[in-house]
Amino acid sequence: NPGKSMFIRVLIIIGIITTSLFMGTVHNTNAEQISSREYMIKAAFLYNFAKFIEWPPKTFEDSKSPVRLCVLGKNPFGIALESIEGKTIHGRKLIIEQLNSTKEIKICHMLFISESEKKQLDYILNNIKDLNVLTIGDTENFARLGVIINLTMAKKKIRFKINLDAANRAGLKISSKLLKLANIIQEGD
């Protein structure tokens with residue numbers, strides 16, 4: 001589809017430009033502002049990732065059900081997720097949820113697992129193993145440990161790794177267009 005191809009190119013260019021701007025201004029800003037810019041970019045990545053994911057139809061109650069993006073643990077995004085809340089993904093409204101415990105994760109379609117939850121990652125992934133949840137994190141080695149998409153920094157740019165085994169276990173189909181941009185990894189490598 002030429003439209004999606006162009007969209008991916010634009011997404012990459014925007015990511016490179018904004019990441020470059022973010023990294024180029026490091027010496028002029030404090031750590032909080034740097035983190036804010038980084039997480040604004042990462043919020044845009046989360047929204048765009050969802051556009052290239054196909055959830056099984058049984059994932060949603062009906063055609064009007066929203067896509068729920070949940071953050072589990074300490075929220076590194078600050079207000080950055082407000083910029084994507086309410087947008088649509090496959091005709092569904094995106095809703096952001098801050099979770100207070102792992103008991104709430106069953107309502108999620110996308111789950112950002114914060115670094116603060118690293119020690120209980122196995123427990124979290126075990127609790128959603130029968131659900132169609134796109135797991136995302138930005139903690140080192142999360143993809144190798146079973147998280148589907150792992151955001152990373154490389155050469156002052158935000159990149160991402162995809163664990164296809166984890167995506168398959170979750171019953172999610174990832175567009176080949178997104179896979180071409182990712183570093184595909186195997187668990188335990």
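In the predicted model, threonine 88 stands opposite lysine 93 of strand 4. Strand 3 and strand 4 run antiparallel and are joined by two bridges. Both strands belong to an open sheet of eight strands, whose order is 3-4-2-5-6-7-8-10 and whose pairing is mixed. The edges of this sheet are formed by strand 3 (88-89) and strand 10 (183-185), each of which pairs on one side only.

Valine 71 illustrates both pairings: glutamine 98 is its bridge partner in strand 4, while phenylalanine 112 stands opposite valine 71 in strand 5. Strand 2 is mostly covered, with five of its six residues buried. In a regular strand, the side chains alternate between the two faces of the sheet.

The sheet forms part of a chain that contains five helices and ten strands. Of the 189 residues in the chain, 44% are buried. Among contacts with a separation of 6 or more, 59% are made by residues 24 or more positions apart. The accessible surface of the chain comes to about 10200 Å², and carbon and sulfur atoms account for 52% of this area.

In soluble globular proteins, nonpolar side chains tend to be buried together. The largest nonpolar core of the present model comprises 39 residues, and the residues with the most contacts inside it are Leu46, Phe77, Leu81, Met110, Leu134, Ile148 and Phe160. At least two residues of this core come from each of helix 2 (31-51), strand 2 (67-72), strand 4 (92-99), strand 5 (110-113), strand 6 (134-137), strand 7 (149-154), strand 8 (157-163) and helix 4 (164-169). The greatest contribution to this core is that of helix 2, which gives eight residues. A second, separate core has 14 residues, including Cys70, Ile105, Leu125 and Phe142.

Apart from residues up to four places away in sequence, isoleucine 148 touches Val133, Leu134, Thr135, Lys161, Ile162, Asn163, Ala166, Ala167, Ala170, Leu172 and Ile174. One of these, threonine 135, is located in strand 6. With a relative accessible area of 2%, threonine 135 falls under the 20% limit and is therefore classed as buried. When neighbours within four places in sequence are left aside, the contacts of threonine 135 are Leu111, Ile113, Leu125, Ile128, Gly146, Val147, Ile148 and Ile149. The C-alpha atoms of threonine 135 and alanine 167 are separated by 8.6 Å, although these residues lie 32 residues apart along the chain.

A search of the whole structure finds one disulfide. This link is formed by cysteine 70 and cysteine 108, whose sulfur atoms are 2.2 Å apart. The link is left-handed, with -105° about the S-S bond. Distant parts of the chain are joined in this way, since cysteine 70 belongs to strand 2 and cysteine 108 to the loop between strand 4 and strand 5, 38 residues apart. Cysteine 70 has a relative accessibility of 0% and so counts as buried. Cysteine 108 is likewise buried, at a relative accessible area of 4%. Cysteine 70 is also a member of the second core.

Aromatic rings were considered last. A pair of aromatic rings is described by the distance of the centres and the angle of the planes. Six aromatic pairs are found in the whole structure. Tryptophan 55 and phenylalanine 60 form an edge-to-face pair, with 6.1 Å from centre to centre and 75° between the planes. Both tryptophan 55 and phenylalanine 60 are buried. Elsewhere, ring pairs link Tyr39, Phe77 and Phe112 into a cluster.

How values were computed
Residues are numbered from 1 along each chain as its sequence is written. This is a predicted model: local features need pLDDT of at least 70, side-chain atom pairs count only at pLDDT 80 or more; totals for chains, interfaces and linings use all residues. Side-chain values use heavy atoms; hydrogens and water are left out. A nonpolar core is a set of buried Ala, Val, Leu, Ile, Met, Phe, Trp, Tyr and Cys residues joined through side-chain atoms within 4.5 Å. Buried means under 20% relative accessible area, exposed over 50%, partly exposed in between (1.4 Å probe, protein chains only). Helices (H or I, at least four residues) and strands (E, at least two) are DSSP runs, numbered from the N terminus. Contact means heavy atoms within 4.5 Å. Two strands pair if DSSP finds at least two bridges between them. Accessible areas come from the Shrake-Rupley method with a 1.4 Å probe; for residues, only the protein chains shown count as cover. A disulfide is a pair of cysteine sulfur atoms within 2.5 Å. Rings of Phe, Tyr and Trp (its six-membered ring) pair if their centres lie within 6.5 Å; planes under 30 degrees apart count as stacked, over 60 as edge-to-face and the rest as tilted.
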